[in-house]
Amino acid sequence: MDRLTITETFAGISFPGHLHTRESLQLAQHFQFQDTDIVIATFPKSGTTWMQEILTLIHSKGDSLLAQTVPNWVRAPWLEHTYFRETVRDEGGVRLITTHLPYDILAPALKKSKAKVIYIARNPKDVAVSYYHFHKIAKFLPDPGTFEEFLDKFLDGTVHYGSWFQHVKGWLRHQEDTFFYITYEEMHMDLRDCIERLCGFISTSLTCEELDNVEQHCSFNTMSQNKMVNCTLISPEIIDHSKGKFMRKGVVGDWKQLFTGPLNILFDRVYQEEMSNCKHSFPLAQD
Ligand code: A3P
């Protein structure tokens, strides 16, 4: 398969060459956003697919036809991926655009428009665990080694897509009124409330019944069975479905399964060093 073992380095950050080329990254950096665009920005494994599904369902007023028939990467294509140009719509209307790029790369292009940005963050311990498992099934990502080895790279910021800390701190600087910040944990705790707040942000109102439908179609169980989001459309040469599922567990606090006491202490120390100047915090020690 194409460029599965290639790493593309751009602005000092490594990206899987299977999905990115220097050209696709440069095009992303200089993309002309429209004021009606809605950008979903995340570090990988933070709830990107979940948000793509929620916004799709909000726009279709709870009708699941689009969500059940069109893959998420067509409905809300990744800006930096090689297929973006041929996938993104050029005619008017709301476009959902997804990105894992750090803020510094995209800020100049974004600031030229009033595009709305939704940033989702997740407890970084759960991100690390989810990302580790994803490395085991995604053949376009390097072999993660042991969890301890992987966590070292995650804390150093040398995993693909760079440092989680820089990513979160960077995007939280985008304090425009076109910016909406939400966490995976909030979505987990009260999805209905999050959907309602998102509707407010994108100026859409839904009836009670439409809200019920959005909520139901965006549940972990429904999404796990939806081929358009559960990655089973992707060939086994790219995602090895025999080694695990993309829609893996969908829970909060799974990090406790892999973090030993010493790894937890190390993580907390690095977190304090990196995040001391950040006004947002994450419930790292949640039970
Ligand atoms: P886990 O690996 O912890 O299960 P991304 O889309 O950014 O790659 O994030 C994938 C993570 O989000 C996976 O986490 C996946 O299970 C979780 N996820 C996706 N849809 C979800 C949903 N509806 N409810 C809860 N978690 C969901």
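**Entry 1: contacts and fold**

I count two residues as in contact when they have heavy atoms within 4.5 Å. With that in hand, I looked at this predicted model and asked how far apart in sequence its contacting residues sit. Among contacts between residues at least 6 apart in sequence, 71% join residues at least 24 apart.

Next I looked up the secondary structure and found 14 helices and 6 strands in the protein chain. The radius of gyration came out at 18 Å, close to the 19 Å that the globule rule gives for 287 residues, so the chain is as compact as a globular protein of that length. I also noted the extent of the C-alpha trace, which spans about 50 × 45 × 40 Å along its principal axes.

**Entry 2: inside and surface**

How much of the chain is buried? I found that buried residues make up 56% of the 287 residues. The chain exposes about 13000 Å², and carbon and sulfur atoms supply 51% of that area.

Then I turned to charge. I found 29 positive and 36 negative side chains, with the centres of the two sets 2 Å apart.

**Entry 3: cysteines**

I reminded myself that a disulfide is a covalent bond between the sulfur atoms of two cysteines. My search, with a cut-off of 2.5 Å between sulfur atoms, gave a count of 0 disulfides. For C208, the nearest cysteine sulfur is that of C199, 12 Å away. C208 has 56% relative accessibility, so I put it down as exposed. For C278, the nearest cysteine sulfur belongs to C194 and is 19 Å away. C278 is buried, at a relative accessible area of 16%.

**Entry 4: a histidine in a loop**

I went to H81 and found it in the loop between α4 (72–75) and α5 (84–87). Is H81 buried or exposed? It is buried, with a relative accessible area of 7%. Leaving aside neighbours within four places in sequence, I found H81 in contact with L19, H20, S24 and Y161.

**Entry 5: backbone angles**

R3 has a positive phi of about 50° and is not a glycine. I found R3 in the segment before β1 (7–10), where it is partly exposed, with a relative accessible area of 29%.

K45, also not a glycine, has a positive phi near 75°. I found K45 in the loop between β3 (38–42) and α2 (48–59). Its relative accessible area is 12%, under the 20% cut-off, so I noted K45 as buried.

Key: Residues numbered from 1 in each chain as written. Predicted model: local features only at pLDDT ≥ 70, side-chain atom pairs only at ≥ 80, totals over all residues. Heavy atoms only, no water. Helix = DSSP H or I, 4+ residues; strand = E, 2+ residues; numbered from the N terminus. Rg over C-alpha atoms; globule rule 2.2 N^0.38 Å. Buried < 20%, exposed > 50% of the residue type's maximum accessible area, 1.4 Å probe, protein only. Areas by Shrake-Rupley, 256 points an atom, 1.4 Å probe, with all protein chains shown as cover. Lys, Arg positive; Asp, Glu negative; His and termini not counted. Charge placed at Lys NZ, Arg CZ, Asp CG, Glu CD.
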